[in-house]
Amino acid sequence: MKNWYWIFMVLPLALAVQGCTDSDDTNGGGSGGSAGTGGSAGAGGSGGTGGSVMDADRDGIPDDEDPTPNGSTNNKLNGTNSGGAATVVQTTATLGTGEEDVDYIYESDLTLGCDDSWYPQGTLCDEPDTTDSPTTSTKTEPDSGATWYAAPDPGDEGPITGFLVVDACSDASCEAVDFNEARVFQMFSDGKTTHLRISIHAERGDTAPAWDDAGWTTVTDFETIGAGTNIDFFVVEGPAVISTGPRVTRYVRLEARNDGSLAGDDDDQSYTEFRSVKLFSVSAPE
Ligand SMILES: [Ca+2]
Ligand SMILES: [Ca+2]
């Protein structure tokens with residue numbers, strides 16, 4: 001078995017090297033890029049030495065895999081209620097054991113949008129003209145954003161985790177989105193998100209994978225979300241900035257927690273409240 005294993009290891013390596021050195025073959029650039037999918041997409045970035053541009057917008061995603069090969073500054077998770085293509089398709093919650101417990105969902109209705117307090121779709125709402133702003137979040141309803149009960153009931157093990165499954169391409173405008181950075185805006189209502197984990201999925205069809213599908217790949221840890229800056233409740237700045245590495249996905253899973261570390265006047269630790277997350281594909285400096 002071991003001998004066969006090494007053949008499988010060495011063969012793709014040899015092919016990848018061949019693709020990189022074949023500098024005058026434009027198709028060779030493409031095959032080199034796809035070889036990068038197995039590991040980090042950094043392989044695509046370094047391919048520029050051959051002369052054929054493999055990552056034109058320098059976002060770490062090879063051109064032949066990049067939904068926006070020429071670059072994009074859009075918020076890739078803008079919801080349908082504020083002019084985008086993203087929509088929450090599932091919300092749920094789990095106990096510390098990992099067991100699902102929907103009783104911890106505060107509001108589950110997926111039909112209500114930006115203008116209502118504490119509903120899931122609110123997390124994808126950001127009004128013009130800051131919809132695509134990496135620094136500012138604007139709401140017409142300051143309490144809009146997915147919400148879960150954060151404190152475990154007696155007998156239930158914590159921490160409670162709130163889940164959202166998002167379809168980033170719920171209309172025909174895209175098949176997948178590319179991103180390498182998340183920006184998370186803090187809630188100023190009566191709860192917080194202190195930690196957030198992001199996952200992606202290989203599914204590109206119209207049927208979303210369930211929150212607990214085995215095909216989810218986590219692309220971050222439970223990252224700390226800071227206090228943020230409350231301008232006037234309608235406008236919030238100072239987002240947490242999370243580097244995710246270069247990613248392409250249609251479906252995004254978000255896992256939110258409130259560990260009470262931001263407790264204060266507007267957080268009694270009873271709720272995980274998730275104001276806004278935006279995804280961007282940032283170009284590295286030339
Ligand atoms: Ca690219
Ligand atoms: Ca791109």
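Predicted model: local features only at pLDDT ≥ 70, side-chain atom pairs only at ≥ 80, totals over all residues.

How many salt bridges does the count come to? The count comes to eight salt bridges.

Let me begin with D126 and K278. These two residues form a salt bridge in which the closest N and O atoms are 2.8 Å apart. D126 belongs to the loop between β1 (87-94) and β2 (136-138), while K278 sits in strand β14 (residues 276-280), so the pair ties together parts that are 152 residues apart in sequence. Are D126 and K278 buried or exposed? Both residues are buried.

The next pair is K192 with D266. Here the closest N and O atoms of the salt bridge are 3.0 Å apart.

I turn now to D206 and R250, whose side chains meet in a salt bridge at 2.9 Å, N to O. This pair, too, links distant parts of the chain: D206 is in the loop between β6 and β7, and R250 is in the loop between β11 (240-249) and β12, 44 residues apart. A network of salt bridges links D206 and R250 with D167.

The loop that holds D206 between β6 and β7 also contains E203. E203 contributes to a negative surface patch together with E99, E100, D212 and D213. With a relative accessibility of 32%, E203 counts as partly exposed.

May I now direct your attention to the calcium ions. Which residue bridges ligand 1 and ligand 2? That residue is D57, and the two calcium ions lie 4.1 Å apart. The protein donors of the calcium ion that is ligand 1 are D55 (OD), D57 (OD), D59 (OD), I61 (O) and D66 (OD), at 2.2 to 2.3 Å from the ion. Along the sequence, these donor residues are spaced D-x1-D-x1-D-x1-I-x4-D.

For the calcium ion that is ligand 2, the coordinating residues are D57, D59, D66, T68 and D178, at 2.2 to 2.6 Å. T68 takes part through both O and OG1. The spacing of the donors of ligand 2 along the chain is D-x1-D-x6-D-x1-T-x109-D. D57 and D66 are both buried, and D66 has a relative accessible area of 6%.

Finally, some points on the backbone. P128 and D129 are joined by a cis peptide bond, with omega about 10°, and D129 is in the loop between β1 and β2. Another cis peptide bond joins G158 and P159, with omega about -5°; P159 is in the loop between β3 (146-149) and β4 (161-167).

W118, found in the loop between β1 and β2, is a residue other than glycine with a positive phi, near 75°. Q269 has a positive phi as well, near 70°, and lies in the loop between β12 and β13. Q269 is partly exposed, with a relative accessible area of 40%.

Definitions and conventions: Residues numbered from 1 in each chain as written. Chains lettered and ligands numbered in written order. Heavy atoms only, no water. Patch = residues over 30% accessible without salt bridge, like charges linked within 9 Å, V, L, I, M, F, W, Y side chains within 5 Å. Areas by Shrake-Rupley, 256 points an atom, 1.4 Å probe, with all protein chains shown as cover. Salt bridge = Lys/Arg side-chain N within 4 Å of Asp/Glu carboxyl O. Lys, Arg positive; Asp, Glu negative; His and termini not counted. Charge placed at Lys NZ, Arg CZ, Asp CG, Glu CD. Helix = DSSP H or I, 4+ residues; strand = E, 2+ residues; numbered from the N terminus. Buried < 20%, exposed > 50% of the residue type's maximum accessible area, 1.4 Å probe, protein only. Donors = N, O, S within 2.8 Å, 3.2 Å for Na, K, Ca; no water.
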